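Me: I would like to learn how the words used for a protein model follow from the values behind them. Could we go through this one step by step?

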Amino acid sequence: FAVPHRVMANLSYKIDYANHLSTTVSLFYNGSHRGRYAYTYNGDINKDGVSLDLLYLPNSSSELNFDDIKSGSDVLFTAEQQRQAYDEFLANDNILSKYKGDYVARNAGLLPWFNRFDVKLLQDIYVKQKGDGRKHTLQLSLDIMNFGNLLNKNWGVFQQLNNGSSYNYDLLKVTNVTADGVPSFNMITIKNEAGETVLPKTAFRNQNTIANTWSMQFGIRYIF
């Protein structure tokens, strides 16, 4: 769960005017990666009873044996389609491109950088009591969380792994290992937004929850 870098900033500006009014505008920013994950096999490739073995990347996909992905007697994806998808996946992944000819280091995967802005507006209406000068304030507040998403639906949206896990990405499924240790594979399949079974081009997808949408709340306080 190590997050290597995080940037946080808070800016606020307040102005008093008309002897009874003050306005404060604040902007809060939080930017960071969402976490780490490991690239693994789906299946026990070395027959040690553990199915989360770290992924090995050959220098060329021609070194991998792919089996057709079938649904009953129907072929969903041929071995060649999987090989092409595998090459495209690696080309789109900045992490994996560094590990060709080697095992991918544990927790080498890094979820994409996420930017979030929150805005707060305070409007104070106050009067000073005669005599002791005690101030009575009616404070109206407006908070807009994930302000970027209010401006653009593609902003302020964080991503998750598209294989349904939060700690590993099982890019290759082990379908068979011969007696002399030569494995065969299927590439992982995922569901796209239309509910279709596809081969992934990247490890990520947008997380479609209310946490990714902007929200707004109003408040009122009496301060004395």
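Reply: Let us begin with how the chain folds back on itself: in this predicted model, residues 24 or more positions apart account for 65% of the contacts with a separation of 6 or more.

Me: What makes a pair of residues count as a contact here?

Reply: A pair counts when heavy atoms lie within 4.5 Å, and it is on contacts of this kind that the share of 65% rests.

Me: Why is the protein called more spread out than a compact globule?

Reply: The protein holds two helices and 17 strands. Its radius of gyration is 26 Å, whereas the globule rule gives 17 Å for 224 residues, and because the value is well over that figure, the protein is described as more spread out than a compact globule. The box filled by its C-alpha atoms, taken along the principal axes, is roughly 95 × 35 × 30 Å.

Me: What makes a residue count as buried, and what percentage of the 224 residues do so?

Reply: A residue is buried when its relative accessible area is under 20%, and 36% of the 224 residues fall into that class.

Me: How do you know that strands β2 and β9 are paired?

Reply: Pairing requires at least two bridges between the strands, and β2 (residues 21-33) is joined to β9 (residues 113-128) by 13 bridges, so the two count as paired; they run antiparallel.

How values were computed: Residues are numbered from 1 along each chain as its sequence is written. This is a predicted model: local features need pLDDT of at least 70, side-chain atom pairs count only at pLDDT 80 or more; totals for chains, interfaces and linings use all residues. Side-chain values use heavy atoms; hydrogens and water are left out. Helices (H or I, at least four residues) and strands (E, at least two) are DSSP runs, numbered from the N terminus. The radius of gyration is taken over C-alpha atoms; the globule rule is 2.2 Å times the number of residues to the power 0.38. Buried means under 20% relative accessible area, exposed over 50%, partly exposed in between (1.4 Å probe, protein chains only).
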